[in-house]
Amino acid sequence: MTWSILSDSSCDLPQNAFEDYGLHFATVPLKLIVGDTEYTDDDSLNVNIMLAQMKNYKGPSSSACPSPEEWATEFRKSDCTLAVTMTSALSGTYNSALVARDMVLEEFPWKKIHVIDSRSTAGGLVLILRKAAELISSGLGFDEVVKQAEAYSRSLFLLFALGSYDNLIKSGRMSRVAGILANSLGIRAVASNTPEGEIKVLHKPRGEERAILQIVETMNKLKDMAGRPVVISHCNNPKGAQRLKELIAHVCLTTKITIQQTRGLTSYYTENGGLLVGF
């Protein structure tokens, strides 16, 4: 029986991320549209070129979820597949994967396919994928892997501080006046995902250091972090990510902390300097 674990590209992982587990892993890419240019969020994308064009382009930009056929191509490759998508509250990616699942099961009724709505993104997806790989490698059956992976996904949180509000303004998700004011005041709003996968602003500190302190304080309040895994994603902000890692280790008493660079979709929304923490 062959296994695949899949995600959309908002997990920020390369295609070889789970080679050590002997599992087929793939990310199904989203698209980023800036002016007349369409970027595919895969391993070949130069994120800095995309961000530079996005900053210089004054018109609206957008993102597009993978098509059902793109998911279906991956679903056809293995007997058992567990896919983890970014939150359905902010993207059509999850629904696209469900359509693909039904298409493939109609063609191959004996296959087993399950899609998890992470209600998160970035590090939240990474943690679920890692858990899935561990469960599969332990020899559990499909139904038990699904049950435990779903339960684990509901125990996770995501906190983040955006690097800029420019793209939220351009995409119409924030008023121009509010965005310009927030940028000029140096506000680094700390937000979380809700149980439904939507965005909730928790605090509005000024400056990165205060935002980092607020993230760590909030983490410690939300759950007992001792010994638990954490994934920090950053958009061209290794210094901020390292500072965040050191504080989490000191305050939350865990050393299981991974730092990773954001790829296309996550960089598109967090922008330069952005920090996200899945835990």
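Predicted model: local features only at pLDDT ≥ 70, side-chain atom pairs only at ≥ 80, totals over all residues.

Take Cys11, which is in no disulfide: the nearest cysteine sulfur belongs to Cys65 and sits 16 Å away. Cys11 is also buried, with a relative accessible area of 0%.

What about Cys235? The closest cysteine sulfur to the one in Cys235 is that of Cys11, and at 16 Å the pair is too far apart for a bond. Cys235 is buried as well, again with a relative accessible area of 0%.

## The overall picture

Zooming out, the protein is built from 10 helices and 13 strands. Its radius of gyration is 19 Å, close to the 19 Å that the globule rule gives for 279 residues, so the protein is as compact as a globular protein of that length. Along the principal axes, the C-alpha atoms fill a box of roughly 55 × 50 × 30 Å.

Of the 279 residues, 53% count as buried. The protein exposes about 12400 Å², and carbon and sulfur atoms supply 53% of that area. As for how the chain meets itself, take the contacts with a separation of 6 or more: residues 24 or more positions apart account for 73% of them.

## Helix α4

Helix α4 covers residues 123-137.

Is α4 mostly enclosed or open? It is largely enclosed by the rest of the structure, because 11 of its 15 residues are buried. After α4 comes Gly139, with a positive phi near 95°.

In soluble globular proteins, nonpolar side chains tend to be buried together. Here the largest nonpolar core has 27 residues, and the members touching the most others are Trp3, Ile5, Leu13, Phe18, Phe25, Leu82 and Leu129. At least two residues of this core come from each of β1 (3-8), β6 (80-85), α4 and α5 (142-153). The largest share, 9 residues, comes from α4.

Not counting residues up to four places away in sequence, Leu129 touches Ile5, Leu6, Ser7, Cys11, Leu13, Phe18, Phe25 and Val84. There is also a second, separate core of 20 residues, which includes Leu159, Ile215, Ala241 and Ile248.

Ser120 is in the loop between β7 (112-117) and α4. With 6% relative accessibility, Ser120 counts as buried. Which residues does Ser120 contact, leaving aside its neighbours within four places in sequence? They are Met86, Thr87, Leu125, Leu158 and Asn193.

Gly227 lies in the loop between α8 (208-222) and β11, and at 34% relative accessibility it counts as partly exposed. Setting aside neighbours within four places in sequence, Gly227 is in contact with Leu253, Thr254 and Lys256. Gly227 and Ala249 are 22 residues apart in sequence, while their C-alpha atoms are 9.3 Å apart in space.

Most residues other than glycine have a negative phi. Asn236 has a positive one, near 55°. It lies in the loop between β11 (230-234) and α9 (238-252), and its relative accessibility of 34% makes it partly exposed.

Glu271 also has a positive phi without being a glycine, with a value near 65°. Its loop runs between α10 (264-270) and β13 (275-278). Is Glu271 buried or exposed? At 9% relative accessibility, Glu271 counts as buried.

Conventions
Residues numbered from 1 in each chain as written. Heavy atoms only, no water. Disulfide = S-S within 2.5 Å. Buried < 20%, exposed > 50% of the residue type's maximum accessible area, 1.4 Å probe, protein only. Helix = DSSP H or I, 4+ residues; strand = E, 2+ residues; numbered from the N terminus. Expected span 1.5 Å × (residues − 1). Core = buried A, V, L, I, M, F, W, Y, C linked by side-chain atoms within 4.5 Å. Contact = heavy atoms within 4.5 Å. Rg over C-alpha atoms; globule rule 2.2 N^0.38 Å. Areas by Shrake-Rupley, 256 points an atom, 1.4 Å probe, with all protein chains shown as cover.
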